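Hi everyone, thanks for making time. Have a look at it on the screen first.

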Amino acid sequence: MPTLDYLDRLEAEAIHILREVAGQFERPALLFSGGKDSIVLTRLAEKAFRPGKFPFPLVHVDTGHNFPEVLAFRDALAAQLGEKLVVRKVEDTIKQKGLQDPTGKYPSRNPLQTYTLLDVIEEFEFDACIGGARRDEEKARAKERIFSVRDDFGQWDPKRQRPELWNIYNGKIQKGENVRVFPISNWTELDVWNYIRRENIALPEIYFAHERQCVVLPGGQLLGLTEHLHLDADDEIVSRQVRFRTVGDATCTAAVASDASTVEDIIADIIQAKVSERGATRLDDTISETGMEDRKRNGYF
Amino acid sequence: MDLLRFITCGSVDDGKSTLIGRLLYDSDSVSLDILAALESRGAAQGNVDLALLTDGLKAEREQGITIDVAYKYFTTPRRKFIITDAPGHVQYTRNMVTGASNADLAIVLVDARHGVIEQTRRHSIIAALLGIKHFVLAVNKMDLVGYDEDVFHKIVADYQDITKLLKLTDVTPIPMSALQGDNIVRNSEHMAWYTGPNLLEHLEAVPGAEETKAEPRFQVQYVVRPQTAELPDYRGYAGQIQSGSYRRGDKVQVLPSGLESTIEAIEINQQEVEEAVAPQGVIIRLADDVDISRGDTIVPAHHVPHLTRELEATLCWMAETPLRAGRRFLLQHHAALVKASLPTILYRLDVQSLTHLGAEEARLNDIVRVRLKTAVPLAADPYRQNRKSGSFILVDEQTGNTVAAGLIEAVDPDYFTVAEPGAVAFSI
């Protein structure tokens, strides 16, 4: 009789959740950023639905502040999978809605992603959006359900969450509501990397150590140099061996100094480093201690 | 390395959050930036408070209480652990039921100064009701009773009543101080008289989920039909093996139709396998072209569950609006979603005394025994035999909200309870 280890169990749970989405919803979507968590989701979707097609398109909300390697990887993966990719740009939302493009030195478009996401949900009438969020990323996420019901403004109300019992997922919604689904809720950063190693999953190069021009932030963090930053003359630019732990808006996703050039190295790094992913690399959560919860209430993923 | 899910039962006052904080802290599962955030908050309040590691939401930080189920993770070289942290106040039975539904083990926290109290009983009863087999009686705050051996033994002796009442077969009492770190991850220097395992040692050694021992159950979640030039006729039934194991060549029955066939192939990740076990996700292909859709159950022909439109069940009522007999619902039995009516509330269970009380209605957090009728027959087992095929939720047809957790007690009318409100009888 086959014996299952913890990765087999996490994988089985995620596949079960993906198939519940396929079984319960009319028009689901898989939100795909080109980041490692969403790449893992595509592998899990292959395991859930092959030899059939995915019962959902891949949807990317593009901030326009992406690393080019990640966009190239995104397009190549979608082509290799033979699945439909829908891209909607924050840039276009800003123009259509007359929104204020963020200014300042590190103009993050993360807050504006919410508008584009809600628009794409409305455009395609998506009733469920699968995402790669994990409960270990941030305190507010620790209480997030696997099926998380949002109202028509995409808002999340932690006090009105449905209880989630056994592995029964209730996807019953009313008109205007939709559900965010998080199949890898119970995975940690280390679990994701261990799975990437086991499954031999390819990732964009920016996850591995490489030489890059970076701006040194006042707190000592390193920000990859891109055209989207508005630098001052006295900003310190250095060339460092770095890698990224998350891929997001390039203006607020810091790099970490690292020599880890393989998945094994990264796993060793994580075990040693003990700096949680969001804390190390996302600047926008440090604005207030409850940064994530405030943004979730407002419809951010 | 395998996986263990456990729930911690107790209130803020028992030091539950501190216990979880200590497990994370001493097993080096707290990252530096979170520690730094804690220390900056702690500094304002005078010290570092491990309990803050488990406080997730603004509202609870404002009120200083945990209001909802939260999940925490840590890993040792032997196991990955998923901690379900459910609040312990009286009004939050709903959260404890939710947390216990997925747990393999329950840590029941007792304050050494107060011993076994009403809440200890209530938490143990709910954990046992939800089918948890392994219990840790965590006698905490031993530092506040001078690490006194007699205090510990008295509490262990007092808990015997609960062990007997609930017929618990695995209870491990451990004296500890979460605040001081005694017997959590490191053995205590203050309690040389205790020779048993510390908490983490025990959590690493206890058996994990044993769903392969139950009878084989599999529900179809989704039908895979590529309809491509290469695979014009492929029909695969995708689902998770809920319990037991399945083998290629098994003679099977499909429920509720009763049609019979043979397993032609079991596929995992497009590879055919001889055998698959719970909780693996698989695609099953059958030798015959039978009509099967989402929610249907496929079982080996010699392990067929009851097929029933009438059930007796224990419900935990989870909605603000009280439940009254006569209501209609959607009953979600995993992938099967059927219309159901609730003709009778038999009694309410007092989770303190286990007494059956007469009940006209069920209010939020009440646990009641009811009868249900379904529009379509369900392939169901009693919860005591199978935590997967024996569980369901009730969904409000209008709002779509989950309003009750259901545990199937009897699927055969011969075993239904004759309503006798007031009688003391209880079985788990």
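Chain B splits into domain 1 (2-209), domain 2 (212-300) and domain 3 (306-415), with bounds that come from an automatic or database domain assignment. Keep in mind that this is a predicted model, where local features need pLDDT of at least 70, side-chain atom pairs count only at pLDDT 80 or more, and totals for chains, interfaces and linings use all residues. On labels, residues are numbered from 1 along each chain as its sequence is written, while chains are lettered from A and ligands numbered from 1 in the order in which they are written.

So where do domains 1 and 3 of chain B meet? There, 13 residues of domain 1 are in contact with 11 residues of domain 3; contact means that the C-beta atoms, placed from the backbone, lie within 7 Å. On the domain 1 side, helix H4 (93-100) and helix H5 (118-129) of chain B each supply at least two residues. The largest share, six residues, comes from H5(B). Helices here are DSSP runs of H or I with at least four residues, strands are runs of E with at least two, and both are numbered from the N terminus. By class, that side has five nonpolar, four polar and four charged residues. Nonpolar covers Ala, Val, Leu, Ile, Met, Phe, Trp, Tyr, Cys and Pro, charged covers Asp, Glu, Lys and Arg, and the others, Gly among them, are polar.

Next, the sheet. Six strands of chain B form an open sheet in the order E2-E3-E1-E4-E5-E6, with mixed pairing. Two strands pair if DSSP finds at least two bridges between them. At the edges sit E2 and strand E6 (170-175) of chain B, each pairing on one side only. E5(B) and E6(B) run parallel, joined by six bridges, and His134(B) stands opposite Asp170(B) in E6(B).

Now, is helix H1 of chain B buried or exposed? In H1(B) (residues 16-26), 10 of the 11 residues are buried, so the helix is largely enclosed by the rest of the structure. Buried means 20 or more other C-beta atoms within 10 Å of the residue's own, exposed means 12 or fewer, and partly exposed is in between, with C-beta atoms placed from the backbone. Among the buried ones are Lys16(B), Gly21(B) and Tyr25(B). Their cover includes strand E1 (2-9), strand E4 (105-111) and helix H7 (199-205) of chain B.

Methods:
Two residues are in contact if their C-beta atoms, placed from the backbone, lie within 7 Å.
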